[in-house]
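The sequence and coordinates are shown first, and the description follows.

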Amino acid sequence: METKKVLPDYFKWVMLFIAALVNGILLGYQSSSLAILMPQISEEMGWTPLQMSNVMSAQGLGTTFLILFAGMLLDKFSTKWLIAISTIICGAMIFARGYAQDFTMYFASMIIFGLSAAIYQPALPRLNTLWFDKKDTYKTNGMMVALASVGSLLANTFTVQITNALGGWRQQFIATGIVCFIVALLWIVIAKDRKPEDAALVVEKKEPAEKVEKPSLMQNIKAVCSTKIAWILIVSEFFSYGAQRCFVLYGATTLIKGWGIDRAAAGQIIALSNAGSIVGLVLIPIIGDFIGKRKPMVVGGWLIRGVFAIIAVMCKDPMIAAGCFFVSGMAAGAGIPGARTLLLEQGNVGGLRAGTAMGVLMLFGRLGEVVLSNLYGMFLSASGNYLLGGALSFIGFLVAAVMIMTVPDTGTKAKKVKA
C-alpha cells in the first residue's frame, strides 16, 4: 500500500510546499488580483453596481455553502485526490473567466470556484495532521497561510503590470488558470496519500477504540462538537475571522475616503500588512512550537492585532499607519493558525477527524465575515464615521483573545488538563 512505503523525512516538507503553493495561487493571488481588476472588468462588461457586488460575493457564497460537508468528506476519502480535483476545477473556473461574455457566465464561474475552494481550504490543515505531529503543527499551519499572504502581496504589487504585459485581464486569468493546472499536475505526480488512522498527529483519544476505527460522518461531527473547549475555539473563529475581513474592508476605505489618500499610496500602506503577516506566520509559530506553547502566542497576537488596527485608522498619519499595519499583520501570524491548531490537537479530533473539524471551524469563520462586514456597512451608512470599522474589528479581536484565554494549551510543554 502507498501509505506503507518508507519515505525520507524531507518528503513531507516537499508536500507542504506544493500544497501551500496551491493556497498561494487560489486564496492569495487570484482573490487579490480579482479585487484589483474588478472595476475594469465591471466597466467593460457593462455591469451595474449590484451585479458587480453579486460577482464579488459569489465565491464566498459557494465556499460557505459547501465547506462543512467538504470537510467531513476529507475524513472519508483521499486527501491527495480531493486537493487535486479542487485545484483543477478552481483553475478551470479562473481560465473560464477569460472567456466569459456576460454576467451569467462570469457569476457561474465564481460560484463553481467557491464550491470547489470549499474542498481545498479545509484540506490543507487536514494534510498537516496526516504528515506532521504536535511538535510541528502550529508552524506548518502558519506556513500554509503564509503562502496565501505571499500571493496577495504579489497580486497587490504586480497585477497591473502582469495584466498589461499579457494584453488584458482576460489573458491574465487564462494564464493564472494554466498555472493552476501545472501545480495540480505537480501535486498528482509527487504527493502521497495517508489514511486518517495512520495520521502523524496522534492525540489522546477520549472515546472507546471501537468508535474510532471506522467512524461515520455523523460520528465525526458529533465527536468534534462534543466538548465545550471545541465550541469556544469554533466561536472564537467567528469573531477573529470576521474581524480580519472587516479590517481588510475598512482599512482601504478609511485611508482613501476618510483620509483622502490616493489609491496607490493606500495600496502601499495596506501591502505592509501582507508583508507583516508573512513574517509573523512563519516566525511566530516556529517560536511557539520551539517553546511548546500555543495559547500565549495566539492571545497576544489577537490583542496586538486589535490595538494596532484601531491605532492605524485613528492616527491620520501615513507613516504611523504604515508601521501599525505592518505590526498588526505580523501579530495576525500568531492568531490565524492558532484556533485551528488548538482544535486539531483536541482529544476527539487529531488526524482522525481533522477535515470535519476544519469544516466546522471555517464555516463559522465565514459566517463571522458575513455578520461583521454587514454590521460595518450598516454603521457606516448610518453615521458616515469610518473609525467605526476599526472599533468593530478591535471588539472582534478582543472577544477572540478572551475566549482563547479560557481553553487549555495543547503545546508539547503545556500542562495537561482534563477535558
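In this predicted model, residue I395 is placed in helix α14.

**Packing of α13 and α14**

The helix that carries I395 also takes part in a helix pair: α14 (residues 387-405) packs with α13 (residues 354-383) at an angle of about 150 degrees, and their axes are 9 Å apart. Because angles over 145 degrees count as roughly antiparallel, α13 and α14 are roughly antiparallel to each other. Their crossing is right-handed. On the α13 side the contact involves L372, L375, Y376, F379 and S383, and these meet L388, G389 and L392 of α14. By class, the contact of α13 with α14 comprises 6 nonpolar and 2 polar residues, with no charged ones.

**Packing of α10 and α11**

A second pair is formed by helix α10 (residues 295-314) and helix α11 (residues 318-335), whose axes come within 7 Å and cross at roughly 160 degrees. With that angle over 145 degrees, α10 and α11 are therefore roughly antiparallel to each other. The crossing of α10 and α11 is left-handed. From α10, the residues in the contact are M297, V298, G301, W302, I304, R305, F308, A309, I311 and A312. From α11, they are A321, C324, F325, V327, S328, G329, A331, A332, A334 and G335. The contact of α10 with α11 divides into 15 nonpolar, 4 polar and 1 charged residues.

The loop between α10 and α11 contains K316. K316 is a residue other than glycine with a positive phi, near 60 degrees. Its relative accessibility is 60%, so K316 counts as exposed.

The side chain of S152 forms a polar contact of 3.1 Å with the side chain of S32.

T140 counts as buried because its relative accessibility is 0%. A polar atom of the T140 side chain lies 3.0 Å from the backbone oxygen of T137. When neighbours within four places in sequence are left aside, T140 is in contact with W13, L16, N128 and F132.

**Accessibility of the residues described**

| Residue | Relative accessibility | Class |
|---|---|---|
| T140 | 0% | buried |
| K316 | 60% | exposed |

Note on methods
Residues are numbered from 1 along each chain as its sequence is written. This is a predicted model: local features need pLDDT of at least 70, side-chain atom pairs count only at pLDDT 80 or more; totals for chains, interfaces and linings use all residues. Side-chain values use heavy atoms; hydrogens and water are left out. Axes are lines fitted to C-alpha atoms, for helices over the stretch in contact, and angles run from 0 to 180 degrees between N-to-C directions. Helices (H or I, at least four residues) and strands (E, at least two) are DSSP runs, numbered from the N terminus. Angles under 35 degrees count as roughly parallel, over 145 as roughly antiparallel, 65 to 115 as roughly perpendicular and the rest as oblique. A crossing is left-handed if the near helix is turned anticlockwise from the far one by less than a right angle, and right-handed if clockwise. Contact means heavy atoms within 4.5 Å. Ala, Val, Leu, Ile, Met, Phe, Trp, Tyr, Cys and Pro count as nonpolar, Asp, Glu, Lys and Arg as charged, and the others, Gly among them, as polar. A polar contact is a pair of N or O atoms within 3.5 Å; within protein, one must be able to donate a hydrogen and the other to accept it, and residues adjacent in sequence count only if both atoms are side-chain atoms. Buried means under 20% relative accessible area, exposed over 50%, partly exposed in between (1.4 Å probe, protein chains only).
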